[in-house]
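Reader: I have just opened my first protein model and would like to learn how to read it. Could you take me through some of its features?

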Amino acid sequence: MSRVAFVVQRYGAGITGGSESLARAVAERLATHGLTVEVSDADDVDDGAGFDGVVVGSSLYAGRWRGSCVRYLKHLVRDGHSGPVWLFHSGPLTDAEAHTPQDLPRKVAELADRLDTRDVVTFGGVLSDHPSGFIAKKLAESMSGDWRDWSEVEAFADAIAAELGVGRD
């Protein structure tokens, strides 16, 4: 049975942010293909050893990835990780941007180039009507909503499973 490491900026009980909900959805879809998926908080892991594939996801905020996810990619490069890697980021908050691939931040792109990166996907973000944080509250005054497309999330997971040579049960 193939094993997939799934690393996201924050993960655990009670964490419900946009990237975390996408991570849950991708991990659950991968499991329907018979893959064993281990989801971890990026601060809690530092390698991809023992896995047939690694998926890393981060929010994309002001054109930047979360520091913990960038550090994890640095660990993979430093350790000479040779297995396949898939990347996703989420965050665009308009209809046009949610369906338009966003460039990786420069440092992330440099790291991705040093890994066996198979795909980079942009998912739309989500902003609640009552977010926490000053900037999010200001944004929510003029825009709030959910731009995640769950069919795109399923397609991303299905493509990963296909590349790992497994089919749906």
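**Reading the core**

Author: Let's begin inside. The largest nonpolar core has 21 residues, and Val54, Val56, Trp65, Leu73 and Leu87 are the ones touching the most other members. A nonpolar core is a set of buried Ala, Val, Leu, Ile, Met, Phe, Trp, Tyr and Cys residues joined through side-chain atoms within 4.5 Å. Buried means under 20% relative accessible area, exposed over 50%, and partly exposed in between, with a 1.4 Å probe and protein chains only.

Reader: Which elements give two or more residues to this core?

Author: They are strand E1 (3-8), strand E3 (53-61), helix H2 (67-78), strand E5 (84-90) and helix H4 (106-113). H2 provides the largest share, six residues. Helices (H or I, at least four residues) and strands (E, at least two) are DSSP runs, numbered from the N terminus. Apart from this core lies another one, of 19 residues, with Phe6, Ala23, Val153 and Ala161 among them.

Reader: How should I take the numbers and values here?

Author: Residues are numbered from 1 along each chain as its sequence is written, and side-chain values use heavy atoms, leaving out hydrogens and water. The model is predicted, and local features need pLDDT of at least 70, side-chain atom pairs count only at pLDDT 80 or more, while totals for chains, interfaces and linings use all residues.

Reader: What does Leu87 touch?

Author: Contact means heavy atoms within 4.5 Å. Not counting residues up to four places away in sequence, Leu87 touches Val56, Trp65, Leu73, Leu104, Ala112, Thr117, Asp119, Val120, Val121 and Phe156.

Reader: Why do such side chains gather inside?

Author: As a general idea, nonpolar side chains in soluble globular proteins tend to be buried together. Here, buried residues make up 45% of the 169 residues in the protein chain. Leu35 is a case from a loop, the one between helix H1 (18-32) and strand E2 (36-41). With a relative accessible area of 4%, Leu35 is buried. Leu35 and Val4 are 31 residues apart along the chain, and their C-alpha atoms are separated by 7.0 Å.

Reader: Is Ala62 buried or exposed?

Author: Ala62 counts as exposed, because its relative accessibility is 73%. Ala62 sits in the loop between E3 and strand E4 (64-65). Look at its backbone too: phi of Ala62 is near 55°, a positive value in a residue other than glycine.

Reader: Which residues form a nonpolar patch on the surface?

Author: Tyr61, Phe134, Ile135 and Leu139 do, with about 440 Å² of accessible area together. Patches take residues with over 30% relative accessible area and no salt bridge; like charges are joined within 9 Å, and nonpolar side chains (Val, Leu, Ile, Met, Phe, Trp, Tyr) within 5 Å. A salt bridge is a side-chain nitrogen of Lys or Arg within 4 Å of a carboxyl oxygen of Asp or Glu. Accessible areas come from the Shrake-Rupley method with a 1.4 Å probe, and for residues only the protein chains shown count as cover. Helix H5 (residues 134-142) gives the patch its largest share, three residues. Tyr61 lies in strand E3 and is partly exposed at 48% relative accessible area.

Reader: How many helices and strands does the protein chain have?

Author: It has six helices and eight strands. From the N terminus on, they run β-α-β-β-β-α-β-α-α-β-β-α-β-α. Along its principal axes, the C-alpha trace spans about 45 × 35 × 30 Å.
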